[in-house]
Amino acid sequence: MNQNTKLLASTLLAMGMTTTAIAQDVPASANDDVLKIGLVYTLSGPPAALGEQARDGFVLAAEKIGDIGGMKTEIIVVDDEGKPDLAAEKARELVARDNVDFVVGPIFSNILMAMVQPVTSTGTILISTNAGTSTLAGEACNPNFFTTSYQNDQNHEVMGAYAEKMGYKNVFLMTPNYQAGKDSQAGFKHSYTGATAGEVYTELGQLDFSSELAQIAAFQPDAVFTFMPGGMGVNLVKQYSQAGLSSIPFLSAFTVDETTLPATQDAAVGMLGGANWAPDMDNEANKAFVDAYIAKYDAVPGTYAMQAYDAAQLIDSAVKKLGGDLTDRDALRAAIHEADFDSPRGDFSFGSNNFPIQDFYLVEAVKRDDGFYGTSIKEKIFDDYVDNYASLCKM
């Protein structure tokens, strides 16, 4: 990263500020030689750890790359505060005022749905590094929208397949009441054919699960499946253990991971999850990424960081292919779709709907040899998996 880029990125990260630019309808790179990237993440409140990991993963890659795409680079960081209306407003500012070439983020699907139209309708590329709603993978797919993460259902399908393999006949499902929560239950049931002891939608941001845990204790299901990211997951795991429910298998996605394990620690060890990657994946790109992240941030990266790291690599590869000229939007989309970079997760390509084709794994929470807590791959569940909505995309 050159000195100008490094100083701007570090200043923005520290102060939560954005830069200003003349508002135009055409991406900035059509008129100057500065590549402008806006990061939109939840950086406050209980889910802040998720956004911080994503932000840090992107910045780590930017520092490794230097000038992204061979261009002087400005990185503008925005906190959406977990509010869809604010996210939409900030996204409009990034495009119209700051004239960014790419918007990267967010964490949550309700935020993504608020941002899509303000960003992509201008021809600006939006790259989600986490949220991947079923609508945008299918009938509402968008040529200006890409994701380096997954379709929301997929990690949950891993757990449904595992429950099916284990012969569970009665599973209690519990997720937040928003699009990703609905996608998660749909994903689990896509690969699980048994009965459900209950299908509960909690309030998004809920931190007290005593009522739901009482239901689980009463129903005594074969297993519990849940999706509770960030602070929700921390509280749920601790309360699950305190409620004496540890004998009931706890299956999850985005609940027991590198963002929550520093807080849950031993209470979560042994719990299982579905993921597209884990820090102990054995390839050179991953070893370099994990070692660099731990050295810089003194923490183990999670999928949020890895997927944002890949977004920076993706932008770099596409802009380099075009020699920094982003005026031909069809050529830019084609260059992005090539995905010519080495992902820490290994196999990575884009499907017809601009969602990844990749492998998925059963992972387990462990205490690592270095003293950190993290997830570890137990077995591969899906190989080169295309999401279930790609066939509905008519791009």
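This section describes the nonpolar cores and aromatic pairs of a predicted model. Local features were required to have pLDDT of at least 70 and side-chain atom pairs pLDDT 80 or more, while totals for chains, interfaces and linings use all residues. Side-chain values rest on heavy atoms, without hydrogens and water, and residues are numbered from 1 along each chain as its sequence is written.

A nonpolar core is taken as a set of buried Ala, Val, Leu, Ile, Met, Phe, Trp, Tyr and Cys residues joined through side-chain atoms within 4.5 Å, where buried means under 20% relative accessible area with a 1.4 Å probe, protein chains only. The largest such core holds 95 residues, of which F58, F102 and I315 touch the most other members. Helix α12 (residues 303-321; a DSSP run of H or I, at least four residues) gives the most to this core, with 11 residues. Beyond four places in sequence, the contacts of F58 (heavy atoms within 4.5 Å) include I68, V104, A308 and I315. A second, separate core comprises 22 residues, among them F172 and M271.

Aromatic rings of Phe, Tyr and Trp (its six-membered ring) pair if their centres lie within 6.5 Å; planes under 30 degrees apart count as stacked, over 60 as edge-to-face and the rest as tilted. By this rule, 19 aromatic pairs are found. Y178 and F227 are stacked, at 6.4 Å centre to centre and 25° between the planes. Y178 counts as buried because its relative accessibility is 8%, and F227 because its value is 5%. F341 and F348 form a tilted pair, with 5.3 Å between centres and 50° between planes; both residues are buried.

Definitions and conventions: Buried means under 20% relative accessible area, exposed over 50%, partly exposed in between (1.4 Å probe, protein chains only). Helices (H or I, at least four residues) and strands (E, at least two) are DSSP runs, numbered from the N terminus.
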